[in-house]
Structure formats: structure tokens, C-alpha cells
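Please look over the sequence and the model below before reading on.

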Amino acid sequence: MSLKKHLSISPAVKKALDAGQPVVALESTIITHGMPYPQNLEMAQNVEAVIEKHGAVPATIAIMDGKFKVGVTAKDLERLAQTGGKAAKASRRDVAALLASGEVAGTTVATTMMAAEAAGIQVFATGGIGGVHRGAETTFDISADLEELGRTQVAVVCAGAKSILDIPKTLEVLESKGVPVLGFQTADFPAFWARQSGGKVDHRVESGKDAAKVIALQFALGLGGVLVANPIPESAALDKDEIEGRINEAIKGAEKEGVSRKELTPFLLKRIFELTDGKSLVANIALVENNARVASEIAVALAKLNK
């Protein structure tokens, strides 16, 4: 039995895919676990609008009613936003159990990639990927996103890895998995809220067309995914040193309360929102919309190449 049998693809997304039109996948844990209601709903609606404005069809993905929904309805989007953290957080290991139970679940980068590939979608926009958590040398806390990038043929456009992670170790694991990291108009690997992490990308590309050429060849060669690192707009970026201080404070809070594993990232994002007086949320929304724009440019260029 293949994953395709458990997909529910919306008519608009199916029509676009059948016609070879550009489609951009979107994850849903950013809606359920990434930010509070109603900002999460407004963000999700705005991101879909950005994709449409730039010539592609949005496909927000979630697990709902025993199916991977690829292209949720407006009603489903509101349901996800209102359910928020009460929804499950679906990584690869959770898929079978959540499909069997019929629970509502936000899909992570890993599970969104799985569904996107099964549906035939090659480009996916997110905020920041998961990666190697700080202290992973003792906890072994490494996101399944990295494994998925190594084996699943989807290009992921992000603002780098979340700043709460150990970015140097994350880049090392990406290299080990054979994942090319393309910097969109940058040679520096971004750190989510900050434009630079101190790390470097593997290759720099200047346009959606340039990125699409690499992605098309990567997939034609039968290799895995591609990571496109797109820095947060300068006007929305937070000071690197300031945000680092808030992250360290949030991590200490998580350790004190015994928060770990898949509860850790939502806890840290919520605490950092509180510590920055909401500035982190404003930055998060800006970078997601920027990634949606770049992903659309890449999807449009890729659709032309595929034809």
C-alpha cells in the first residue's frame, strides 16, 4: 500500500498538477504549533495569497479525518488554526497512528515533504527547518527533517534552521545526508530570525530560475531533496546577539521544566515570543511570506523546465 492511497488532493491542486502548473506545498505545524490564534490563521491566509500572487497554486498540507489533505479548504484552515496546540504534531513516526485514529495533526517539514512528493509537488515553503538540537551529543535530539531531506525529492525553501538549534551541527548532518544547501542571493546560511548564522551555504543562486536548474537536475539524477536558504528580509530581522540571549534564557526554562523531544520546539518558540514582547512572531510571519514568494518563483521556473 502506498502513501498515495491516503492522499486527499483538493480539486484546485489536482487540476494544477495535471496541467503541469506550478504548485507550492505548505506545512501546517506552523499553524497548529508555531504561533497563537488568530495570528496563525491570518498568516496562513496571507501566505497562500502571496503564492497565488506570484503565479503558483498553494497546497497547505495537514492530516485530517484519516487522510493527508493536500490543499486544505478555507474551513479546514480555520479548524487547524483554532485547534492550535491541541492538534497532534505529525512527524514520520506518527503518520500511521494518526491516519488510523483520524486525529487532526499539523504536518512537520518531514511529513509535508512525504505528502508533497507522493502528490507530485516539487517545491515546499516553510519557516525554518528542524535540525540538531543544542546538547544533542548527549540527548541525540535530531529532527527527522534532516533524514527526510536526504531521501525525499522535494525542494524546501526556508530561512535556514531555527535559531534555537545547533546550526553548525545541523549543517554537518545535511552534508552527511548529501543535501545541497543553496543560498538564495546569499553565501551565508541564515539563522531564522537573523540573516546570518556564521555558517556558509554550499552554492549561491541569484534567481528562481537558477535554483530551478539545480533542483531539476538533482531530481533527474535520482538524488534526494534540496534546501534553499532564503534570509529573512533585512527590515524584519532581529539582532543576532539579542535573540541569542533570549534563546539561551528559553532553553534554561525548558531544562528547568523538563521539556524535551517534540514538545521542545513549540515550548521554545512560545517562550521566545514572550521574551521578545512579540517581536519574534512579527519576524516569523515576515520570513514565511518571503519564503513563499521565493518558492513561487522557483516553482514557476521549474514548471517551465519540466515542460
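## Basis of the description

A residue is called buried when its relative accessible area is under 20%, and exposed when that area is over 50%. The model described here is a predicted one.

## A buried serine in a loop

S163 lies in the loop that runs between β8 and α9 (167-176). Its relative accessibility is 6%, and therefore S163 counts as buried. The side chain of S163 reaches the backbone oxygen of A191 at a distance of 2.3 Å. When neighbours within four places in sequence are left aside, the residues in contact with S163 are R134, A191, F192, W193 and I247.

Strand β11 comprises residues 226-229, and both of its faces are covered. V226 and V228 are buried on one side, while L227 and A229 are buried on the other. In a regular strand, side chains alternate between the two faces of the sheet.

## The largest nonpolar core

The largest nonpolar core has 109 residues. Those that touch the most other members are I121, I129, L174, F189, W193, I215 and L227. Helix α13 (residues 279-306) gives the most to this core, contributing eleven residues. In soluble globular proteins, nonpolar side chains tend to be buried together.

I215 illustrates such contacts. Residues up to four places away in sequence not being counted, I215 touches A155, V226, V228, I298 and L302.

## Helix α11

Helix α11 covers residues 240-257, 18 residues in total. The buried residues of α11 include I243, I247, A250, I251 and A254. Seen down the helix axis, the buried residues of α11 fall within an arc of 105°, which means that they line one face of the helix. These buried residues pack against α12 (264-275). On the other side of α11, D241, K252, E255 and K256 are exposed.

Both ends of the helix can also be described. At the start of α11, a side-chain oxygen of D239 comes to within 3.2 Å of the backbone nitrogen of D241. After the helix comes G258, which has a positive phi, near 70°.

Helix α6 (residues 109-119) is mostly covered, as ten of its eleven residues are buried. The buried residues are V109, A110, T111, T112, M113, M114, A115, A116, A118 and A119. G120 follows α6 and has a positive phi, near 95°.

T32 belongs to helix α2 (residues 29-32). With a relative accessible area of 3%, T32 is buried. T32 and R79 are 47 residues apart in sequence, and their C-alpha atoms are 9.6 Å apart in space. Not counting residues up to four places away in sequence, T32 touches L80, G84, G85, A87 and G106.

Note on methods:
Residues numbered from 1 in each chain as written. Predicted model: local features only at pLDDT ≥ 70, side-chain atom pairs only at ≥ 80, totals over all residues. Heavy atoms only, no water. Buried < 20%, exposed > 50% of the residue type's maximum accessible area, 1.4 Å probe, protein only. Helix = DSSP H or I, 4+ residues; strand = E, 2+ residues; numbered from the N terminus. Core = buried A, V, L, I, M, F, W, Y, C linked by side-chain atoms within 4.5 Å. Contact = heavy atoms within 4.5 Å. Expected span 1.5 Å × (residues − 1). Arc of directions from axis to C-beta. Polar contact = N/O pair within 3.5 Å; in protein donor to acceptor, adjacent residues only side chain to side chain.
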